[in-house]
Amino acid sequence: MEQLGREYARLCAAAGAAPQEAVLRRLRGPEGGRLDLAAQSLSLPTCSALGRLLPGAAPLAALALGDCGLSEEGVRLLLNGLCTNTTVKSLDLKGNNMRTMGAEALGKLLRQNKSIRSLTLEWNSLGMWEEGFSFFCQGLRANNFLQRLDLRNNQINHQGAGELAMALTQNTSLQELDLRWNNIGLLGGRALLNCLHSNKTLKRLELAGNNVPGDILKAVEQALDHNQDREAILNEAQNQVNILSKEVLSLKDEKNKQFMDFVDTVDKQKEERARSEKMSAARVSQLQEALDEQYSIMNSLKTKLQMTEAALALSEQKVHTLGELLSAMKQEQNSVAECHFRELQQQKQEGADRESKLLHDLSAASEKNLLLRNQVDELERKCKVQQDQLFQVKQDLTNTTAELKLRAVEAEERLEMEKRRFKQSLEDMESLRVKEVDRVAQQMEVTERSMHDRIQRLEAIRISLDEELSQVKAAALAERGRAEEELIKVRSQARLEEQQRLEHLEEKLRLMTESRDEAQNCCLKQKEMVAEAQAKAKQLSLYADGLKRRLEELQQYMDRKEEEKVTELNKVKVELQEQIGHLEAERTAQDGLREKIAALERQLKALSSNHREALLDKEGEVSLLLEKLRMKEAEISRMREEEAQRASFLQNAIMAYVQGSPLGTHSSRK
């Protein structure tokens with residue numbers, strides 16, 4: 001900030017004037033971005049230098065120029081410099097007795113500046129200059145950035161209030177307007193009330209000390225409350241829209257995730273089904289191949305058996321032919337007789353050998369036939385065993401399908417039982433929540449009524465105190481005399497203290513009303529959250545019905561495809577567990593809502609205790625004010641006695657002087 005001081009000194013030197021030390025010291029060390037030049041008598045060169053310094057100054061958030069005794073030209077130079085400033089948020093110009101040129105400069109500032117949010121113009125008598133005040137109102141009409149305006153003690157009459165109301169009808173940014181201790185009257189109050197029908201942004205309007213009737217003040221308060229409620233509703237609606245959009249996005253994400261999981265599970269099921277079909281087809285093909293092999297073996301055995309039977313027939317035919325040959329040989333032997341006896345014996349031996357061989361072959365063939373028959377019996381027995389196994393597999397399949405159907409029915413019954421329990425718990429919790437909300441609303445209404453009554457009593461006490469103070473001031477003005485200057489100082493100090501205390505009281509009242517409004521808003525939010533919970537419960541019931549329909553579809557799908565029943569039932573179980581988890585999460589959320597309601601009750605108790613403490617503080621301050629009034633009355637009576645004693649002393653001195661003079665002796669001699 002040293003650069004600001006050097007620049008100010010350079011500008012003053014260029015203008016041929018000496019820089020003010022106090023201003024230079026404040027420029028070199030501003031506190032927290034605030035330049036405080038209050039109660040500093042600023043010269044015209046200083047105002048010119050500051051006006052040229054402000055457009056490109058370092059970031060200054062606040063500028064205080066109260067009670068600086070600025071001239072019209074100085075005000076114009078300073079405000080022209082602020083027209084292009086983009087960092088100053090708060091401007092304080094109270095107690096500078098601005099006139100027409102200053103009001104016009106203020107109007108220009110409001111039209112061009114886009115950064116000032118708070119403007120204080122207390123004790124400036126702007127209402128006395130109608131033309132300048134009209135320029136100021138035109139600037140306020142064109143401004144859409146100012147949020148707080150202080151116009152206390154500016155002698156604004158009903159005409160100025162009308163122009164101000166016309167400006168407020170088009171202003172969309174001003175939220176707080178302080179018009180206390182002016183001369184607005186009945187017409188001005190009506191104009192301001194009419195402008196509130198079109199202005200929806202003004203939330204605070206102070207009209208105390210303006211001779212405005214009480215019904216208009218109440219109507220103004222109602223309009224301001226309506227604006228506050230409207231803004232709160234808009235904020236709440238925006239928050240709800242944001243929350244709902246977030247929930248919709250989250251629900252979409254969850255649905256997408258669920259859909260993708262479902263698609264993955266379906267793909268997995270399809271793959272498992274294809275794999276199982278492949279395995280079953282491979283197994284069936286293996287069984288078919290085994291059966292084909294068995295059938296081929298049986299066919300080969302049958303062919304072998306036929307071949308052996310044919311061989312047996314051939315051997316029998318051979319035996320028969322051999323028998324015939326033997327008979328022929330016997331006949332030949334008988335006919336040949338003894339010559340061929342040896343040959344015949346040899347032939348017999350050969351025949352016997354051949355017969356033994358044939359018998360041996362026949363026995364071997366019979367044994368082979370028996371072995372083949374045993375193998376055929378074993379193959380038939382194996383076929384029967386395989387048929388029994390196939391029948392057993394079919395029976396197992398029918399049993400598993402029946403068990404799956406029973407499990408599905410049990411799962412549906414459990415789901416219906418869980419639905420009934422959840423609906424019953426939701427109804428119980430909803431009834432408890434409705435009771436709690438009604439009780440909280442009743443407590444809020446009782447506290448609001450008590451606070452309204454206390455505020456009315458405090459307002460009546462303040463009005464009576466103001467009347468007593470005005471009477472005391474009038475009596476003091478009539479009786480003071482020589483001590484007029486001292487009493488004027490005491491009166492100004494008392495006025496400042498009273499105004500500060502009244503402002504403090506009004507600030508406390510405003511804070512109390514704001515806390516009450518916040519509590520009401522919290523109650524409304526809780527009601528909306530309850531409605532949202534009910535809507536979520538309805539959605540869950542609809543989702544449960546959808547799950548039920550999905551279960552029916554799955555049941556039909558299971559009837560169509562028996563092999564997919566196990567996977568579908570597992571999926572249904574997983575979904576049921578997820579729903580139970582969701583229901584438990586909702587239950588925990590409802591427990592959280594109960595805790596929030598309890599916290600709100602504790603906050604209401606704390607607010608009521610704070611209200612009691614504030615009322616006790618106010619009663620103490622009222623007693624202090626009464627004690628000060630008594631002390632002032634005692635001082636006035638003491639001053640009267642002193643004046644009477646002084647008058648008596650003067651009279652006695654004059655009488656003594658007259659009696660001691662020659663004229664007195666001459667008159668006594670006569």
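In which loop does Q155 lie? Q155 is found in the loop between β5 and α7, where helices (H or I, at least four residues) and strands (E, at least two) are DSSP runs numbered from the N terminus. The structure is a predicted model, in which local features need pLDDT of at least 70, side-chain atom pairs count only at pLDDT 80 or more, and totals for chains, interfaces and linings use all residues. Residues are numbered from 1 along each chain as its sequence is written, and side-chain values use heavy atoms, with hydrogens and water left out.

Seven strands build an open sheet in the order β1-β2-β3-β4-β5-β6-β7, with parallel pairing; two strands pair if DSSP finds at least two bridges between them. At the edges stand β1 (34–36) and β7 (204–206), each of which pairs on one side only. Within the sheet, β4 (residues 118–120) and β5 (residues 148–150) are joined in the parallel sense by three bridges, and T120 has D150 in β5 as its bridge partner.

Most residues other than glycine have a negative phi. Q155, although not a glycine, has a positive phi of about 55 degrees, and its relative accessible area of 39% makes Q155 partly exposed (buried means under 20% relative accessible area, exposed over 50%, partly exposed in between, with a 1.4 Å probe and protein chains only). N97 is not a glycine either and has a positive phi of about 55 degrees. This residue, N97, sits in the loop between β3 (90–92) and α5 (100–112) and is partly exposed at 43% relative accessibility.

Next come two helices. The axes of α7 (residues 158–170) and α8 (residues 185–195) come within 8 Å and cross at roughly 5 degrees; axes are lines fitted to C-alpha atoms, for helices over the stretch in contact, and angles run from 0 to 180 degrees between N-to-C directions. The two helices, α7 and α8, are therefore roughly parallel to each other (angles under 35 degrees count as such). In their contact (heavy atoms within 4.5 Å), H158, A161, G162, A165, L168 and T169 of α7 meet L187, G188, A191, L192 and C195 of α8.

Helix α8 also has a clear buried side. Its residues G185, G188, G189, L192, L193 and C195 are buried. They lie on the same side of α8, because they cover an arc of only 160 degrees around the axis, taken from the directions from the helix axis to the C-beta atoms. The face turned away from that buried side carries the exposed residues L187 and N194.

Definitions and conventions. Parallel < 35°, antiparallel > 145°, perpendicular 65-115°, else oblique.
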